[in-house]
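Hello,

Here is the structure I promised to hand over. Please open it first, then read my notes below.

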Amino acid sequence: MSQPVGASARTQAAARWRRQAPAALALLPAAVIVVAIYIGAMIWTVRLAFSSSKMLPVFDFVGMQQFERLFATERFVASGWHILLFGVLFIAGALVLGFLLAVFIDQHVRLEGVFRTIFLYPYAMSFIVTGLAWQWFLHPELGLQKAVRDWGFTSFTFDWIVQPNLVMYTLVIAAIWQASGLVMAILLAGLRGVDAELWKAARIDAIPPWRVYLSIILPMLTPMLVTAAVLLAVAVAKLYDLVIAMTKGGPGISSEVPAKFIMDNFFERSNVGLGSAAAVVLLVTVVAIVAPWIYAEHLRPKRSGR
Amino acid sequence: MSGVEPFGPKPQGFSYGRLGVYAVLVLASLFFLTPLWVMLMTSFKSMAEIRDGQILSWPRAFTFEAWPQAWWSACTGLTCDGVRVGFWNSIRILVPSVIFSIGLGALTGYAMTFYRVRGANLLFAIMLIGAFIPYQVFIYPMVRVFSIIGIYDSLTGIVVVHVIFGLPLMTLLFRNYYSSLPIELFNAGRVDGAGFLTIFRHVILPMSTPIIIVATILQVTGIWNDFILGLTFAGRENRPMTVLLNNIVNSTQGEAAYNVDMAATILTALVPLFVYFISGRWFVRGIAAGAVKG
């Protein structure tokens, strides 16, 4: 009696499978990439962080030794402080500048398109180009400092790029120059979505525009600010090209950053275990910052829509 | 003015507030344009003039001599072939990488949107998280495996790497775009008995032009501007333009020729700048699609 039901269920399942099989096949390359690279290579790196690997990977187990060594390595600890300083100043700077640019562009100005193009064009260029341009611009003998001194301001000093305790700030300036247009573009889209009624109401109540921007519009833009901040934070964790092009980590080790520390240990210093341990530290930091945002933005069930 | 002004255009004509707005915008423009100005001016000067140190000024004697040098004969220490070698390497890397990563992204996004394959959401979630993780976490094992299977230091290797690391963003773009298409289109194709690839080719792809444009803009600029992957995976023979440029400018041999360096730097930036200027609002849409839309 139950046999026909079972048989039809089986044919249904078979039909369903026939429909889904090509899609499953199409997802195979993506699945292979995810399993082999995003999971496989990551696990491999984590594994190496607990090994004594030097030039070639070995699969012994030395516990937390590499991590202990890592945090006793001046170069790595310094990179950590550098990236923290860079991250805070760069993210805050790019957000503030990007927000101001968006607000000023939003004032019904003429030539809006021209200003927008000027503010965003650096973002189209690579960090290598950015770094080389600023390295030359800030050249201590032939760059901006010399030019301003020749104008008569003979005591003008701007040789930060060769000052160990100031060099990180030059990287911050160059990175803000490159990326604040991105923040502007994201926030401008949000400003354009603000209801015109809000401006009328504010005008009737005689609230000054700057108060409206700070107290009403800024909170409305929070999701976009968060998105921009996450994108900038990812750029911070990946910071490598800019340093290579602009300062090569110097003077001394005063602009070393974690991503560069890892690459150097993998490919130049034959310290695969130590580099892997540093990569794991970087990984944990990034996941802690990004995972809540990804969940909120992309994976949480949406209240509406399909 | 009593503050009540519900309708009509903003006040026209002169006011100190308006002047302030333009002053700020012009000042900001100066900040953004000065490095480009300095690069251009330096590239048109002779080294003798550059040593005088007027980095911001217009060239006293305008010369183009640095540009052909940058293109044909700038030195990286050992070889003196200019950035043109890197330009052509970048093109050879760019074309297949862009085509394959967009193709794979479109196919993956399509399968994820219109079919219920078990595990697809998990796949997507891991991909998304993976997109935010620095390359350093994956790079060493990849180098080992690539050299074992013989594609390390090769054109194939670097293209495969770009497809791998382009997959999350490409899938995200196409998945989001396809979710916004009316599902009736897909259902109609299915009622007609069309299969997976037929619907993709004849129904979905013809409607994908806008998102393909956005994806192309993102991938062309992204892959052209890549440094770390090209440095690690492409090998000496295929070094992309960014890597070659950095070697030229930061090579410690001989006296630095800043005019040649800056000409080479501008040449390297030319392709993404060209894409930026012709794509206009599409570029911004690309940023928005890749970043904001969930």
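Start with a term: helices (H or I, at least four residues) and strands (E, at least two) are DSSP runs, numbered from the N terminus. Read along its sequence, chain A runs α-α-α-α-α-α-α-α-α-α-α-α-α-α. That comes to 14 helices and zero strands.

Two notes on conventions. This is a predicted model, where local features need pLDDT of at least 70 and side-chain atom pairs count only at pLDDT 80 or more, while totals for chains, interfaces and linings use all residues. Residues are numbered from 1 along each chain as its sequence is written, and chains are lettered from A and ligands numbered from 1 in the order in which they are written.

**Overall form of chain A**

The radius of gyration of chain A is 26 Å. The globule rule gives 19 Å for 306 residues, so chain A is more spread out than a compact globule. (The radius is taken over C-alpha atoms; the rule is 2.2 Å times the number of residues to the power 0.38.) Along its principal axes, the C-alpha trace of chain A spans about 100 × 65 × 30 Å.

Buried residues make up 41% of the 306 residues in chain A. A residue is buried if 20 or more other C-beta atoms lie within 10 Å of its own, exposed if 12 or fewer, and partly exposed in between; C-beta atoms are placed from the backbone.

**Domains of chain A**

The bounds come from an automatic or database domain assignment. Domain 1 of chain A covers 3-49 and domain 2 covers 74-299. Their centres, taken over C-alpha atoms, are 40 Å apart. Four residues of domain 1 and six residues of domain 2 make the contact. (Two residues are in contact if their C-beta atoms, placed from the backbone, lie within 7 Å.)

**Where the chains meet**

Chain B puts 78 residues into the contact, and chain A puts in 82. On the chain B side, helix H1 (residues 16-43) gives the most, with twelve residues.

**One residue to look at**

Find Tyr135(B). This residue sits in the loop between helix H5 (120-132) and helix H6 (136-148) of chain B. Is Tyr135(B) buried, exposed or partly exposed? Tyr135(B) is partly exposed, because 19 other C-beta atoms lie within 10 Å. Leaving aside neighbours within four places in sequence, Tyr135(B) is in contact with Ile228(B) and Leu229(B). Tyr135(B) and Ile228(B) are 93 residues apart in sequence. In space they are 8.6 Å apart, C-alpha to C-alpha.

Best wishes
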